[in-house]
Amino acid sequence: MERYELIAPCHFGMEAVLKREIYDLGYDIEQVEDGKVTFVGDAEAICRANVFLRSTERVLLKVAKFKAVTFDELFEKTKAIEWENYLPKDAKFWVAKATSIKSKLFSPSDIQSIIKKAIVERLKSVYKISWFEESGEAYPIRVSFMKDEITIALDTSGDSLHKRGYRKLAGKAPITETLASAIIMLSPWNKDRILVDPFCGSGTIPIEAAMIGANIAPGLNREFSADKWTNLIPKQLWYDTVEEAQDLIDRKVEMTIQGYDIDPEMVKVARANAKLAGVEKHIHFQARPLAELSHNKKYGFIITNPPYGERLEDKKDMPKLYKQIGERYRNLDSWSAFIITGYEDAQKHIGRKADKNRKIYNGMMKTYLYQYMGPRPPKRTQGTEE
(Lines give C-alpha, C1' and ligand atoms only; values in the text may rest on other atoms or scores of the structure.)
Protein backbone atom coordinates (compact mmCIF):
# COMPACT_ATOMS: atom_id res chain seq x y z
CA MET A 1 0.00 0.00 0.00
CA GLU A 2 1.30 3.46 -0.90
CA ARG A 3 2.92 5.52 1.86
CA TYR A 4 1.99 9.16 2.38
CA GLU A 5 3.26 12.09 4.40
CA LEU A 6 0.38 13.17 6.62
CA ILE A 7 0.22 16.51 8.41
CA ALA A 8 -1.78 16.90 11.62
CA PRO A 9 -2.26 20.52 12.80
CA CYS A 10 -2.92 21.22 16.48
CA HIS A 11 -3.10 24.07 18.98
CA PHE A 12 0.24 25.83 19.46
CA GLY A 13 1.68 24.39 22.66
CA MET A 14 0.05 20.96 22.35
CA GLU A 15 2.42 19.34 19.86
CA ALA A 16 3.81 16.88 22.44
CA VAL A 17 0.32 15.53 23.19
CA LEU A 18 -0.44 14.97 19.50
CA LYS A 19 2.98 13.40 18.91
CA ARG A 20 2.27 10.85 21.66
CA GLU A 21 -1.16 10.10 20.19
CA ILE A 22 0.34 9.40 16.77
CA TYR A 23 3.04 7.15 18.27
CA ASP A 24 0.33 5.28 20.20
CA LEU A 25 -1.49 4.62 16.89
CA GLY A 26 1.72 3.03 15.62
CA TYR A 27 3.00 5.60 13.09
CA ASP A 28 6.45 7.13 12.63
CA ILE A 29 6.86 10.85 13.27
CA GLU A 30 8.73 12.70 10.55
CA GLN A 31 8.75 16.24 11.93
CA VAL A 32 7.34 18.28 14.82
CA GLU A 33 6.89 22.01 14.20
CA ASP A 34 4.94 24.79 15.90
CA GLY A 35 1.28 23.83 15.62
CA LYS A 36 1.70 20.66 13.56
CA VAL A 37 3.10 17.15 13.46
CA THR A 38 4.05 15.36 10.23
CA PHE A 39 3.97 11.57 10.19
CA VAL A 40 4.12 8.73 7.66
CA GLY A 41 1.32 6.27 6.97
CA ASP A 42 -0.70 4.46 4.33
CA ALA A 43 -4.36 4.75 3.32
CA GLU A 44 -5.40 2.95 6.50
CA ALA A 45 -3.48 5.55 8.53
CA ILE A 46 -5.68 8.28 6.99
CA CYS A 47 -8.78 6.47 8.26
CA ARG A 48 -7.38 5.70 11.70
CA ALA A 49 -5.93 9.18 12.24
CA ASN A 50 -9.27 10.81 11.44
CA VAL A 51 -11.25 8.46 13.67
CA PHE A 52 -8.87 8.12 16.64
CA LEU A 53 -6.81 11.31 17.06
CA ARG A 54 -8.30 13.59 19.71
CA SER A 55 -5.99 16.61 19.64
CA THR A 56 -5.59 17.36 15.93
CA GLU A 57 -7.76 19.76 13.95
CA ARG A 58 -7.59 17.77 10.71
CA VAL A 59 -5.50 15.25 8.77
CA LEU A 60 -3.83 16.57 5.61
CA LEU A 61 -2.36 14.39 2.86
CA LYS A 62 0.78 16.19 1.69
CA VAL A 63 0.93 16.39 -2.11
CA ALA A 64 3.97 18.63 -2.64
CA LYS A 65 6.36 21.12 -1.08
CA PHE A 66 8.47 23.57 -3.09
CA LYS A 67 9.81 27.12 -3.21
CA ALA A 68 8.01 29.79 -5.25
CA VAL A 69 8.66 33.53 -5.28
CA THR A 70 6.63 34.48 -8.40
CA PHE A 71 3.13 33.55 -9.52
CA ASP A 72 4.57 32.09 -12.75
CA GLU A 73 6.81 29.80 -10.70
CA LEU A 74 3.85 28.82 -8.50
CA PHE A 75 1.76 28.02 -11.58
CA GLU A 76 4.41 25.92 -13.36
CA LYS A 77 5.48 23.94 -10.30
CA THR A 78 1.86 23.23 -9.32
CA LYS A 79 1.08 22.15 -12.88
CA ALA A 80 4.06 19.74 -12.81
CA ILE A 81 2.53 17.78 -9.89
CA GLU A 82 0.95 14.45 -10.93
CA TRP A 83 -2.55 15.50 -9.87
CA GLU A 84 -4.08 12.60 -11.79
CA ASN A 85 -2.74 10.35 -9.01
CA TYR A 86 -5.03 12.14 -6.55
CA LEU A 87 -7.97 13.62 -8.45
CA PRO A 88 -10.30 11.55 -10.65
CA LYS A 89 -11.75 13.04 -13.83
CA ASP A 90 -15.03 14.09 -12.15
CA ALA A 91 -13.49 15.40 -8.90
CA LYS A 92 -14.85 18.58 -7.35
CA PHE A 93 -11.73 20.39 -6.17
CA TRP A 94 -10.88 23.85 -4.88
CA VAL A 95 -8.35 25.55 -2.61
CA ALA A 96 -10.36 25.75 0.60
CA LYS A 97 -7.72 27.77 2.44
CA ALA A 98 -4.44 29.50 1.69
CA THR A 99 -2.14 31.12 4.26
CA SER A 100 1.12 33.00 3.78
CA ILE A 101 3.72 33.99 6.38
CA LYS A 102 6.96 35.86 5.60
CA SER A 103 6.63 35.10 1.86
CA LYS A 104 6.79 37.19 -1.31
CA LEU A 105 3.49 35.70 -2.48
CA PHE A 106 1.04 36.78 0.20
CA SER A 107 -2.40 37.28 -1.36
CA PRO A 108 -4.54 34.25 -0.38
CA SER A 109 -7.11 34.83 -3.13
CA ASP A 110 -4.43 35.07 -5.86
CA ILE A 111 -2.65 31.97 -4.53
CA GLN A 112 -5.95 30.06 -4.52
CA SER A 113 -6.94 31.00 -8.08
CA ILE A 114 -3.49 30.32 -9.58
CA ILE A 115 -3.24 26.87 -7.96
CA LYS A 116 -6.75 25.97 -9.14
CA LYS A 117 -5.89 27.13 -12.68
CA ALA A 118 -2.63 25.13 -12.69
CA ILE A 119 -4.39 21.94 -11.57
CA VAL A 120 -7.07 22.38 -14.25
CA GLU A 121 -4.40 22.81 -16.94
CA ARG A 122 -2.59 19.68 -15.78
CA LEU A 123 -5.74 17.54 -15.71
CA LYS A 124 -7.00 18.87 -19.07
CA SER A 125 -3.85 17.57 -20.74
CA VAL A 126 -3.92 14.22 -18.88
CA TYR A 127 -7.64 13.45 -19.17
CA LYS A 128 -7.93 14.99 -22.67
CA ILE A 129 -10.96 17.10 -21.76
CA SER A 130 -11.48 20.84 -22.04
CA TRP A 131 -14.16 21.25 -19.36
CA PHE A 132 -14.50 19.86 -15.84
CA GLU A 133 -18.05 19.34 -14.64
CA GLU A 134 -16.78 18.64 -11.11
CA SER A 135 -19.82 16.44 -10.49
CA GLY A 136 -17.97 13.88 -8.34
CA GLU A 137 -16.72 13.77 -4.76
CA ALA A 138 -15.18 16.79 -3.00
CA TYR A 139 -11.39 17.06 -2.71
CA PRO A 140 -10.66 20.24 -0.70
CA ILE A 141 -7.07 21.49 -0.95
CA ARG A 142 -5.22 23.52 1.68
CA VAL A 143 -1.99 25.40 1.04
CA SER A 144 0.41 27.27 3.28
CA PHE A 145 3.40 29.47 2.44
CA MET A 146 6.19 29.85 4.99
CA LYS A 147 9.28 31.86 4.02
CA ASP A 148 8.56 31.36 0.28
CA GLU A 149 8.11 27.61 0.64
CA ILE A 150 4.65 26.26 -0.10
CA THR A 151 3.08 23.06 1.20
CA ILE A 152 0.11 21.75 -0.82
CA ALA A 153 -2.13 19.15 0.77
CA LEU A 154 -5.49 17.45 0.35
CA ASP A 155 -7.79 17.87 3.34
CA THR A 156 -8.93 14.35 4.23
CA SER A 157 -11.11 15.51 7.14
CA GLY A 158 -13.47 18.10 5.65
CA ASP A 159 -15.07 19.77 8.66
CA SER A 160 -12.55 20.38 11.43
CA LEU A 161 -12.08 17.35 13.67
CA HIS A 162 -13.14 19.35 16.73
CA LYS A 163 -16.66 18.88 15.34
CA ARG A 164 -17.30 15.52 16.96
CA GLY A 165 -21.02 15.75 16.26
CA TYR A 166 -22.28 15.98 19.84
CA ARG A 167 -22.13 19.71 20.53
CA LYS A 168 -25.31 21.10 19.02
CA LEU A 169 -25.30 24.10 21.35
CA ALA A 170 -22.46 25.96 23.03
CA GLY A 171 -21.95 28.67 25.62
CA LYS A 172 -20.49 32.15 25.19
CA ALA A 173 -16.80 31.20 25.18
CA PRO A 174 -16.60 27.45 24.54
CA ILE A 175 -13.32 25.58 24.54
CA THR A 176 -12.86 23.43 21.44
CA GLU A 177 -13.18 19.69 21.82
CA THR A 178 -9.62 19.17 20.51
CA LEU A 179 -8.10 21.59 23.05
CA ALA A 180 -10.16 20.16 25.91
CA SER A 181 -8.93 16.66 25.02
CA ALA A 182 -5.32 17.81 24.77
CA ILE A 183 -5.44 19.41 28.23
CA ILE A 184 -6.95 16.27 29.77
CA MET A 185 -4.32 14.07 28.08
CA LEU A 186 -1.55 16.43 29.21
CA SER A 187 -2.67 15.99 32.82
CA PRO A 188 -2.11 12.79 34.85
CA TRP A 189 -5.89 12.30 35.13
CA ASN A 190 -7.22 8.83 34.40
CA LYS A 191 -10.63 7.18 34.64
CA ASP A 192 -9.99 6.05 38.24
CA ARG A 193 -9.62 9.63 39.50
CA ILE A 194 -12.39 12.17 40.15
CA LEU A 195 -12.68 15.05 37.69
CA VAL A 196 -14.66 18.24 38.34
CA ASP A 197 -15.19 21.18 35.98
CA PRO A 198 -16.80 24.02 37.99
CA PHE A 199 -17.29 26.17 34.84
CA CYS A 200 -18.54 23.42 32.55
CA GLY A 201 -20.65 25.55 30.17
CA SER A 202 -21.88 23.25 27.39
CA GLY A 203 -20.00 20.33 28.96
CA THR A 204 -17.02 19.97 26.63
CA ILE A 205 -14.31 19.12 29.21
CA PRO A 206 -16.39 16.54 31.16
CA ILE A 207 -17.66 14.99 27.90
CA GLU A 208 -14.17 14.70 26.40
CA ALA A 209 -12.90 13.19 29.66
CA ALA A 210 -15.72 10.63 29.67
CA MET A 211 -14.95 9.73 26.04
CA ILE A 212 -11.26 9.27 26.92
CA GLY A 213 -12.15 7.19 30.00
CA ALA A 214 -14.55 4.97 28.05
CA ASN A 215 -12.13 4.82 25.08
CA ILE A 216 -14.73 6.20 22.66
CA ALA A 217 -12.98 7.35 19.47
CA PRO A 218 -13.72 11.05 18.81
CA GLY A 219 -14.44 10.54 15.09
CA LEU A 220 -16.71 7.53 15.49
CA ASN A 221 -19.98 9.30 14.68
CA ARG A 222 -19.05 11.70 11.89
CA GLU A 223 -18.11 11.77 8.22
CA PHE A 224 -14.88 12.83 6.53
CA SER A 225 -14.20 14.15 3.04
CA ALA A 226 -11.83 11.22 2.36
CA ASP A 227 -14.38 8.52 3.18
CA LYS A 228 -15.63 8.94 -0.41
CA TRP A 229 -12.18 8.97 -2.06
CA THR A 230 -12.40 5.41 -3.36
CA ASN A 231 -9.60 6.11 -5.86
CA LEU A 232 -7.19 6.49 -2.91
CA ILE A 233 -8.80 4.66 0.02
CA PRO A 234 -10.77 1.41 -0.33
CA LYS A 235 -14.15 1.77 1.41
CA GLN A 236 -13.43 -1.39 3.41
CA LEU A 237 -10.65 0.42 5.31
CA TRP A 238 -13.21 2.88 6.72
CA TYR A 239 -15.51 0.01 7.74
CA ASP A 240 -12.57 -1.79 9.38
CA THR A 241 -11.52 1.35 11.28
CA VAL A 242 -15.03 1.99 12.61
CA GLU A 243 -15.27 -1.67 13.65
CA GLU A 244 -11.91 -1.36 15.45
CA ALA A 245 -13.16 1.76 17.26
CA GLN A 246 -16.40 0.04 18.30
CA ASP A 247 -14.48 -2.97 19.66
CA LEU A 248 -12.22 -0.74 21.77
CA ILE A 249 -15.04 0.99 23.70
CA ASP A 250 -15.01 0.11 27.40
CA ARG A 251 -18.72 -0.34 28.04
CA LYS A 252 -18.30 -1.39 31.68
CA VAL A 253 -16.12 1.51 32.83
CA GLU A 254 -17.14 3.44 35.95
CA MET A 255 -16.06 7.05 36.42
CA THR A 256 -16.73 10.01 38.69
CA ILE A 257 -16.92 13.08 36.45
CA GLN A 258 -18.84 16.19 37.49
CA GLY A 259 -19.70 19.40 35.66
CA TYR A 260 -21.08 22.47 37.42
CA ASP A 261 -22.32 25.74 36.01
CA ILE A 262 -24.13 28.65 37.62
CA ASP A 263 -26.57 28.83 34.68
CA PRO A 264 -29.28 26.10 34.81
CA GLU A 265 -29.91 26.51 31.06
CA MET A 266 -26.28 25.68 30.27
CA VAL A 267 -26.55 22.59 32.48
CA LYS A 268 -29.48 21.42 30.32
CA VAL A 269 -27.38 22.00 27.20
CA ALA A 270 -24.46 20.07 28.72
CA ARG A 271 -26.72 17.12 29.54
CA ALA A 272 -28.13 17.07 26.00
CA ASN A 273 -24.60 17.17 24.53
CA ALA A 274 -23.45 14.34 26.82
CA LYS A 275 -26.40 12.24 25.70
CA LEU A 276 -25.50 12.79 22.04
CA ALA A 277 -21.91 11.77 22.83
CA GLY A 278 -23.17 8.59 24.51
CA VAL A 279 -21.56 9.41 27.88
CA GLU A 280 -24.46 10.85 29.90
CA LYS A 281 -24.31 8.00 32.45
CA HIS A 282 -20.69 8.87 33.30
CA ILE A 283 -21.21 12.57 34.12
CA HIS A 284 -23.16 14.32 36.86
CA PHE A 285 -24.11 17.85 35.75
CA GLN A 286 -25.53 20.32 38.24
CA ALA A 287 -26.42 24.01 38.47
CA ARG A 288 -24.04 25.04 41.22
CA PRO A 289 -22.01 28.18 42.01
CA LEU A 290 -18.22 28.11 42.44
CA ALA A 291 -18.64 28.97 46.14
CA GLU A 292 -20.12 25.49 46.70
CA LEU A 293 -17.22 23.60 45.11
CA SER A 294 -16.11 20.94 47.58
CA HIS A 295 -15.51 17.19 47.67
CA ASN A 296 -14.93 14.63 50.40
CA LYS A 297 -12.66 12.39 48.33
CA LYS A 298 -8.95 12.89 47.79
CA TYR A 299 -6.65 13.00 44.76
CA GLY A 300 -9.19 14.49 42.37
CA PHE A 301 -8.74 16.92 39.51
CA ILE A 302 -10.17 20.29 38.66
CA ILE A 303 -9.85 20.76 34.90
CA THR A 304 -11.58 23.92 33.79
CA ASN A 305 -11.86 26.87 31.43
CA PRO A 306 -13.12 29.75 33.62
CA PRO A 307 -14.17 33.18 32.27
CA TYR A 308 -11.26 35.30 31.00
CA GLY A 309 -12.90 38.71 31.21
CA GLU A 310 -12.57 39.18 27.43
CA ARG A 311 -15.17 41.95 27.47
CA LEU A 312 -14.07 45.16 29.16
CA GLU A 313 -17.16 45.29 31.40
CA ASP A 314 -16.34 41.80 32.78
CA LYS A 315 -12.69 42.58 33.64
CA LYS A 316 -13.59 44.14 37.00
CA ASP A 317 -15.10 40.82 38.20
CA MET A 318 -11.99 38.75 37.48
CA PRO A 319 -9.92 39.40 40.67
CA LYS A 320 -12.81 38.27 42.89
CA LEU A 321 -13.52 35.21 40.70
CA TYR A 322 -9.92 33.99 40.62
CA LYS A 323 -9.50 34.65 44.35
CA GLN A 324 -12.50 32.37 44.91
CA ILE A 325 -11.00 29.71 42.60
CA GLY A 326 -7.87 29.80 44.79
CA GLU A 327 -9.89 29.54 48.02
CA ARG A 328 -11.96 26.59 46.77
CA TYR A 329 -8.88 24.78 45.48
CA ARG A 330 -7.01 25.18 48.78
CA ASN A 331 -9.91 23.41 50.52
CA LEU A 332 -9.56 20.37 48.26
CA ASP A 333 -6.85 18.45 50.04
CA SER A 334 -4.44 16.62 47.70
CA TRP A 335 -6.21 17.65 44.48
CA SER A 336 -4.58 18.82 41.23
CA ALA A 337 -5.89 21.70 39.12
CA PHE A 338 -5.45 22.44 35.42
CA ILE A 339 -6.83 25.89 34.61
CA ILE A 340 -6.74 27.38 31.09
CA THR A 341 -7.38 31.10 30.92
CA GLY A 342 -6.50 34.23 28.99
CA TYR A 343 -6.56 36.26 32.22
CA GLU A 344 -2.95 37.26 32.84
CA ASP A 345 -3.32 37.98 36.57
CA ALA A 346 -4.82 34.57 37.32
CA GLN A 347 -1.92 33.28 39.44
CA LYS A 348 -1.76 36.48 41.46
CA HIS A 349 -5.41 36.25 42.50
CA ILE A 350 -5.45 32.44 42.86
CA GLY A 351 -2.77 33.12 45.47
CA ARG A 352 -0.28 30.49 44.37
CA LYS A 353 2.24 30.21 41.59
CA ALA A 354 1.51 27.28 39.27
CA ASP A 355 3.90 24.32 39.29
CA LYS A 356 3.90 24.53 35.50
CA ASN A 357 2.67 27.22 33.15
CA ARG A 358 2.20 26.46 29.47
CA LYS A 359 1.42 29.09 26.85
CA ILE A 360 -1.25 27.90 24.41
CA TYR A 361 -2.80 29.74 21.48
CA ASN A 362 -6.54 29.16 21.43
CA GLY A 363 -7.23 30.40 17.90
CA MET A 364 -5.58 33.83 17.86
CA MET A 365 -5.97 34.27 21.62
CA LYS A 366 -2.97 33.74 23.86
CA THR A 367 -3.96 31.67 26.88
CA TYR A 368 -2.11 30.05 29.76
CA LEU A 369 -2.53 26.56 31.13
CA TYR A 370 -1.76 26.80 34.85
CA GLN A 371 -0.92 23.37 36.25
CA TYR A 372 -1.16 22.84 40.00
CA MET A 373 0.02 19.37 40.91
CA GLY A 374 -1.32 17.51 43.91
CA PRO A 375 0.41 14.43 45.37
CA ARG A 376 0.05 11.07 43.68
CA PRO A 377 -2.41 8.72 45.33
CA PRO A 378 -0.88 5.75 47.20
CA LYS A 379 -0.70 2.58 45.16
CA ARG A 380 -3.62 0.28 45.77
CA THR A 381 -2.93 -2.98 47.48
CA GLN A 382 -4.96 -6.00 46.55
CA GLY A 383 -8.34 -6.11 48.26
CA THR A 384 -8.28 -2.46 49.40
CA GLU A 385 -9.71 0.66 47.90
CA GLU A 386 -8.14 4.05 47.50
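What volume does the largest pocket have? I looked that up first, and the largest pocket comes to about 1,200 Å³.

**Ground rules.** I am working from a predicted model, in which local features need pLDDT of at least 70 and side-chain atom pairs count only at pLDDT 80 or more, while totals for chains, interfaces and linings use all residues. Residues are numbered from 1 along each chain as its sequence is written, and side-chain values use heavy atoms, with hydrogens and water left out.

**Pocket.** I noted that 31 residues line the largest pocket, and the closest to its centre are Pro-9, Phe-12, Gly-35, Lys-36 and Thr-99. On a 1 Å grid over the protein atoms alone, a pocket is an open set of points with protein on both sides within 12 Å along at least five of seven lines; a cavity is a set where a 1.4 Å probe fits but cannot get out, and lining residues have an atom within 4 Å of a point. Points are joined across faces, edges and corners, and a volume is the space filled by probe spheres set on them. Strand β6 (138-146) is among the elements that supply at least two residues of the pocket lining, and with five residues β6 gives the largest share. By class I find 12 nonpolar, 10 polar and nine charged residues in this lining. Here Ala, Val, Leu, Ile, Met, Phe, Trp, Tyr, Cys and Pro count as nonpolar, Asp, Glu, Lys and Arg as charged, and the others, Gly among them, as polar.

**Whole chain.** I counted 11 helices and 14 strands; these are DSSP runs numbered from the N terminus (helices H or I, at least four residues; strands E, at least two). Of the 386 residues, 53% count as buried, which means under 20% relative accessible area, with exposed over 50% and partly exposed in between (1.4 Å probe, protein chains only). The C-alpha trace spans about 75 × 45 × 35 Å along its principal axes.

**Cavity.** My search of the whole structure found one cavity of 30 Å³ or more, and the largest cavity has a volume of about 50 Å³. Its lining includes Pro-198, Phe-199, Leu-290 and Ile-325. Two or more lining residues come from each of β11 (301-304), α10 (318-330) and β12 (336-341). The lining has nine nonpolar, one polar and no charged residues.

**Cores.** A nonpolar core is a set of buried Ala, Val, Leu, Ile, Met, Phe, Trp, Tyr and Cys residues joined through side-chain atoms within 4.5 Å. The largest one has 102 residues, and Leu-74, Leu-87 and Leu-154 touch the most other members. Helix α4 (residues 108-127) gives this core its largest share, eight residues. A second, separate core of 23 residues includes Leu-290 and Ile-325, two residues I had already met in the cavity lining.

**Helix α2.** Is helix α2 (residues 43-52) enclosed or exposed? Nine of its 10 residues are buried, so α2 is largely enclosed by the rest of the structure. Arg-48 and Asn-50 are among those buried residues. They pack against elements including β1 (4-9), α1 (15-25) and α7 (235-248).

**Val-196.** I found Val-196 in strand β8 (residues 195-197). Val-196 counts as buried because its relative accessibility is 1%. Its contacts (heavy atoms within 4.5 Å) include Gln-258, Tyr-260, Leu-293 and Trp-335.

Notes. Lists of a residue's contacts leave out its neighbours within four places in sequence.
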